[in-house]
Amino acid sequence: MAFWTGVTACTTGVALHLPMYFGARDMHYKLSGMAPDASMIVGMILIFIGLGLSLYGVLPRRSGEVQRNVAHIRVTALDDAKIRTEHVLLLIVMALAVTIDIMKPTTLAFVAPGVAAEYGLRSPANPHGSIPVSWLPLMGITGTVVGSWMWGEIGDRIGRRASILYAGILFVSTSICGAMPGFTWNLVMCFLMGVGAGAMLPIIFALVAETIPARHRGWLMVLIGGDIAGAYVITSSLAGWLTPTYSWRMLWLIGLPTGLVLILLNRWIPESPRYLLARGRDAEAGAVMARYGAVAQVVPEEEAAAEQQFAARASYLTLMRRPLIGTSLALTILGVGVGLVTYGFTQWVPTNLQHLGYSAVGSDYVVRNAALLGLPLTVLVAWMYGTLGSRRTIILLSGLTALTLLGFVFTGGSYLAHHKTVLSLLLVPPLAGISAIVAVVAGYAAEVYPTMVRSRGTGLAAGMTKAGGVLILAIVVASKNVPSITVTALIGAIPLLMAAVAFAFAGPETKQRTLEDITGELAAAAQA
């Protein structure tokens, strides 16, 4: 009752922001300098009340007890189980959820030029502005880092499904960013939106790891997670279609319907069986496991020694101790590199293309075309992950993406300004390659970390893919200038090459191995 009352309050609160937005149609929806009207203020109050009610509705009682009980429960997918209709439906829903989630940070790239123009912010098109437009993506990506680490910590406490539900409510609520008249409120809403977006990948990959048979687990996780290219296709298409008529603000306002869709999709998302068993909801857990071909075991003390090594001190510090430190450092380097490319290179592609002479709509469609060309690459990477293995895929993908980025450095911006075909082809590996690397990072973390630190491990990996973004955006804010396309390409290429070298020496191979086998190898390494 509290949860659905909160959803209703948040939705109503967002709707009360729309009259002021549509009332400014004669000014091309420019709200800068306007004061919030009465309906907007009432809407904000409803949203804050709704967020509190919804949070109360998803928080379980005795969450600490749940966390202790989980230590003695192991749920594994049957290694010889076939992919069922239920698995396919779950994967489709997870792919849609990942797409909706990734659309949030990718939208930052397409709203930045419009935000800079409306508020008079410093950007390549307006170098004389006082406040850098880079503050907007900086706040959004900082929110995703906080969200990844925060939800990685509490995911086992409130359950996978509850975490996804609350992320959907945050998406609905923070869509009012598109109706905020002041730039400061835009920054606040972007941060909160990032907190919600940061929750999704750690939770989704932990859930998939518990429900998909080992022989299919890796490549399927890469396939559903590698949808950054798909998100760019959708977002760039929406930007080219909507912004000329409804301004950049509409790209944020569509968070209302997409957030509601995410909430409704939860009907087809099961709760974690481990969580249900720990809560004493055995019948529900049995029904979920029967649908997905999983089994539950109460682990005897003598057989749980490997897991207990990590359960005794389960925290983020555990990830930085033997035997996990090598894997964690390699994932950190790779994650930072991904962040530098995504939010240093890709983030500013539309802005830098306009600086090179492309129109706003033209730059959006160049990005869309490159993303479309790169969609098949995600399928190829998923095949590589399942056939060549996780470590080889990471090494090859990181190295090839870095070499392509160096292609921007050697060709130079002036050449690319007059050769659209070459530009589109060079954009394919960074857009689609980084999409695949993000999926590989989260998928590998969900496989390689032991059960008691799995949510934290995937949270660390997902958070580091955003931490690189925070670093590069902070540099942009401090310098008050957006770096050129060649500079951002060079900055992103260096850590990707370092990560390729690091994975040649660190991290276990996970190809078609059970999660218990991987944990046992790590425990043996710790005792060696």
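## Ser247 and its loop

Ser247 sits in the loop between helix H11 (228–246) and helix H12 (249–253). Helices here are DSSP runs of H or I with at least four residues, and strands are runs of E with at least two, numbered from the N terminus. The model is predicted: local features need pLDDT of at least 70, side-chain atom pairs count only at pLDDT 80 or more, and totals for chains, interfaces and linings use all residues. Residues are numbered from 1 along each chain as its sequence is written, and side-chain values use heavy atoms, with hydrogens and water left out.

Is Ser247 buried or exposed? Ser247 is buried, because its relative accessible area is 5%. Buried means under 20% relative accessible area, exposed means over 50%, and partly exposed lies in between (1.4 Å probe, protein chains only). Leaving aside residues up to four places away in sequence, Ser247 touches His28, Tyr29 and Leu242. A contact means heavy atoms within 4.5 Å.

## Salt bridge

The count comes to one salt bridge. The rule asks for a side-chain nitrogen of Lys or Arg within 4 Å of a carboxyl oxygen of Asp or Glu. The side chains of Arg249 and Glu118 form it, at 2.7 Å from N to O. This pair links distant parts of the chain: Arg249 is in helix H12, Glu118 is in helix H5 (residues 85–119), and they are 131 residues apart. Both Arg249 and Glu118 are buried. Side chains of opposite charge can pair when their charged atoms come close.

H3 has 21 residues and reaches 31 Å from its first C-alpha to its last. That is close to the 30 Å expected at 1.5 Å a residue. The expected span is 1.5 Å times one less than the number of residues.

The buried residues of H3 are Met40, Gly43, Met44, Ile47, Gly50, Leu51, Ser54 and Val58. Seen down the axis of H3, they fall within an arc of 130°, so they line one face of the helix. The arc is taken from the directions between the helix axis and the C-beta atoms. Ala38, Phe48 and Tyr56 are exposed on the face of H3 turned away from its buried side.

Val42 also lies in helix H3 (residues 38–58). Val42 is partly exposed, because its relative accessible area is 42%. Val42 and Leu16 are 26 residues apart in sequence, and their C-alpha atoms are 7.5 Å apart in space.

Helix H17 (residues 325–345) has 21 residues and should span 30 Å at 1.5 Å a residue; its end C-alpha atoms are 29 Å apart, which agrees. In H17, 16 of the 21 residues are buried, so the helix is largely enclosed by the rest of the structure.

## Nonpolar patch

Leu380, Trp383, Leu388, Leu396, Leu400, Leu403 and Leu497 make a nonpolar surface patch of about 650 Å². Patches use residues with over 30% relative accessible area and no salt bridge; like charges are joined within 9 Å, and nonpolar side chains (Val, Leu, Ile, Met, Phe, Trp, Tyr) within 5 Å. Helix H19 (360–387) and helix H20 (390–411) each supply at least two residues of the patch. H20 gives the largest share, three residues. Trp383 is found in helix H19.

## Whole protein

The protein has 25 helices and two strands. Of its 528 residues, 60% are buried. Among contacts with a separation of 6 or more, 85% join residues 24 or more positions apart. The protein exposes about 19300 Å², and carbon and sulfur atoms supply 67% of that area. Accessible areas come from the Shrake-Rupley method with a 1.4 Å probe; for residues, only the protein chains shown count as cover.
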